[in-house]
Amino acid sequence: MNTPKTMFEKIWQAHLVHDEPGKPSLIYIDRHLIHEVTSPQAFEGLRLAGRSVRRPELTFATMDHNVPTSDRSLPIEDGISVRQMDALSENCRSFGVTLFDLTSPHQGIIHVISPELGLTLPGLTVVCGDSHTSTHGAFGALAFGIGTSEVEHVLATQCLIQEKPKTFLIEVQGKRPRGVEAKDLILSIIGQIGTSGGAGSVVEFAGEAIRDLSMEERMTVCNMAIEAGARAGMIAPDEKTIEYLQGRMYAPVDFKASAEAWRQLPSDPGAVFDKTIQISAASLAPQVTWGTNPGQVISVDARVPSPEDFMNENDRKSAERALEYMGLRGGTPIESIEVDHVFIGSCTNSRIEDLRRVAHFVKGKQVSSKVYAMVVPGSQAVKKAAEEEGIDLILKAAGFDWRESGCSMCLAMNPDVLKPGERCASTSNRNFEGRQGAGGRTHLVSPVMAAAAALAGHFVDIRQSDQVV
Amino acid sequence: MEPFKVMTGVVAPLDLPNVDTDQIIPKQFLKRIERTGFGEFLFYDWRFTKDGQLNSDFEMNAVSYRGASILVARDNFGCGSSREHAPWALLDYGFKCIIAPSFADIFYNNCFKNGILPVRLTESEVESLFKAVQKNPGYMLTVDLEQEKIFSDDGLSFKIDISPFRRTSLLNGLDDIALTLAQEDAIQQYELKRLKIPPPLH
Ligand code: SF4
């Protein structure tokens, strides 16, 4: 009998182009996604070396990081953003790469549109010059972020030189309690294993609580695998995955045969991982980050920790610094922290399901007069679907600003920026110093927690509300 | 790429864990379409005060660390975004070698593509370096990739832990793309074989 294999091992082996002992492997890349910020230097490198794109039909591009989320019919004010977008258009045209630009109905955050279009499929290798490429692992793909030199390498060769990562199984057992979202699951995991807990590994998420997640929720979990330092996150494909992909624009023509192949992908019973941990979903509560990395996170009903609460010297130093930056004091109840901004969006939480839950929660209520709240759908397709369902009207009536799709305030490269000292409840994935604007203070939360903070003007425990499902 | 063989330089300390790439090069400076010119924005929010003056509270700004080419930092250096602008900024500023107990994966990888040597030492080795640097500002180290060691005049000496492949690439300044293109036969064979397995590439 064959030795049982992990899903990662199956995909890795199927993509080995060349392997020799003592050297990293050469693996084949099935989908290469590119955007305007990390690709210009790669195309420039190709030009300088007189190289071409080996498989332009496997490369797909969009503009997301820099794009304004205000009215698309107005000219873009930031000249440098325009320069990057023009460079991408020009590069795609001259190298024959498909581009979903600002005028395309398929434009959006690269990690939102690729699954929507059926470009992300189980068993494929997917790379992008962006760390949150781990999102695509939700389909049972091996998906990871790369640097610009590697973008150039993939463009030129359709391959990548990679050291084989280790495998790490995180089993989340039992059922999530009411009010605990996929975002809370992954934030708690990062809180437990730390921001470098997954370093060098591909994490497979498994267990009842993971199987229970919808595809959108699985994307939220895998999206933040990188925040635990993991090379990639993965979830085994199942009937939900297959159903999600059926009928998508780029889904395989011979869908049935593909689906059959996908059913063979999950890790075999008895497959051995380099590391395994178990987490009980039932014990989890909604999470709020209090510090300046996603691992500095705590339950909404707890208090901000004090530096003395940490045993480890590094953790203590980092807590001290984080509290100072965040303008917080140890011992403050999380629920008493007031916010000025609420941002619902990013490749972590801007999909239609996220917006539906938010709309359900805020329907008929009002955003606090002290808060500016914005909702930025992840793609034009999400925006259109939301408008067809009337979600935009509910949000606008409640006082939310309803925007065009893009990364927006997740990294604030476009005009959506926090001012120094402003505090934001954000559904994005990074609360680093200055991430949403120099001096801006970010608290990462789930979409419904963000919505609740928008209404109340401070964090609230959504488990107390009957609007939560 | 410039080969990396042996270098001697001043060591600058950055006594913080989890230094992320947003700190190394804040996003407002990513809007260039070249690989150069990022050095002046390195650690921007720390190096400069709000009004654009050099921040005297930021250790690395001290005169004794001018012209430093080796950076010593704490755990999980380079976490966060995959932006290669981070190593570009470090290199452009003058850093050729970065020493820390651990690095984030993508950042670690990106360094090699740009001729920067990231070196993982143990926590206690890194601690001894911090002590040495803080005691003797302007402290210098020699990084010898050929001999795979780092040493100082006052007797500190550490082994560089690096895979043979990466070492050879750095020593010779090899271009990964050229190396892979030399495998053209293997790539073509793979592509032919791949056409036959589901799910098909299309
Ligand atoms: S939404 Fe944020 S994390 Fe996601 S791709 Fe855009 S900038 Fe990166």
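1. Start with the aromatic cluster in chain B: F77(B), F103(B), F107(B), Y108(B) and F112(B) belong to one cluster. Rings of Phe, Tyr and Trp (for Trp, its six-membered ring) count as a pair if their centres lie within 6.5 Å; planes under 30 degrees apart are stacked, over 60 edge-to-face, and the rest tilted.

2. A quick word on what you're looking at. This is a predicted model, where local features need pLDDT of at least 70 and side-chain atom pairs count only at pLDDT 80 or more, while totals for chains, interfaces and linings use all residues. Residues are numbered from 1 along each chain as its sequence is written, chains are lettered from A and ligands numbered from 1 in the order in which they are written, and side-chain values use heavy atoms, with hydrogens and water left out.

3. Back to the rings: over all chains, the search turns up 21 aromatic pairs. One of them is F255(A) with W262(A), edge-to-face because the planes are at 85°, with centres 5.5 Å apart. Both F255(A) and W262(A) are buried (under 20% relative accessible area; exposed is over 50%, partly exposed in between, using a 1.4 Å probe and protein chains only). Y44(B) and F48(B) make a tilted pair, 4.9 Å centre to centre with 40° between the planes. Here Y44(B) is partly exposed at 25% relative accessibility, whereas F48(B) is buried at 16%.

4. Now the nonpolar cores, meaning sets of buried Ala, Val, Leu, Ile, Met, Phe, Trp, Tyr and Cys residues joined through side-chain atoms within 4.5 Å. The largest has 112 residues, and F43(B), F77(B), L90(B) and I99(B) have the most contacts inside it. Apart from this core lies another of 86 residues, including L117(A), C128(A), L155(A) and I235(A).

5. What does L90(B) touch, leaving aside its neighbours within four places in sequence? Its contacts (heavy atoms within 4.5 Å) include I24(B), L42(B), F43(B), F77(B) and F107(B).

6. Don't go looking for disulfides (cysteine sulfur pairs within 2.5 Å): the whole structure has zero. For C159(A), the nearest cysteine sulfur is that of C128(A), 18 Å away. C159(A) is buried, at 0% relative accessible area, and C410(A) is also buried, at 7%.
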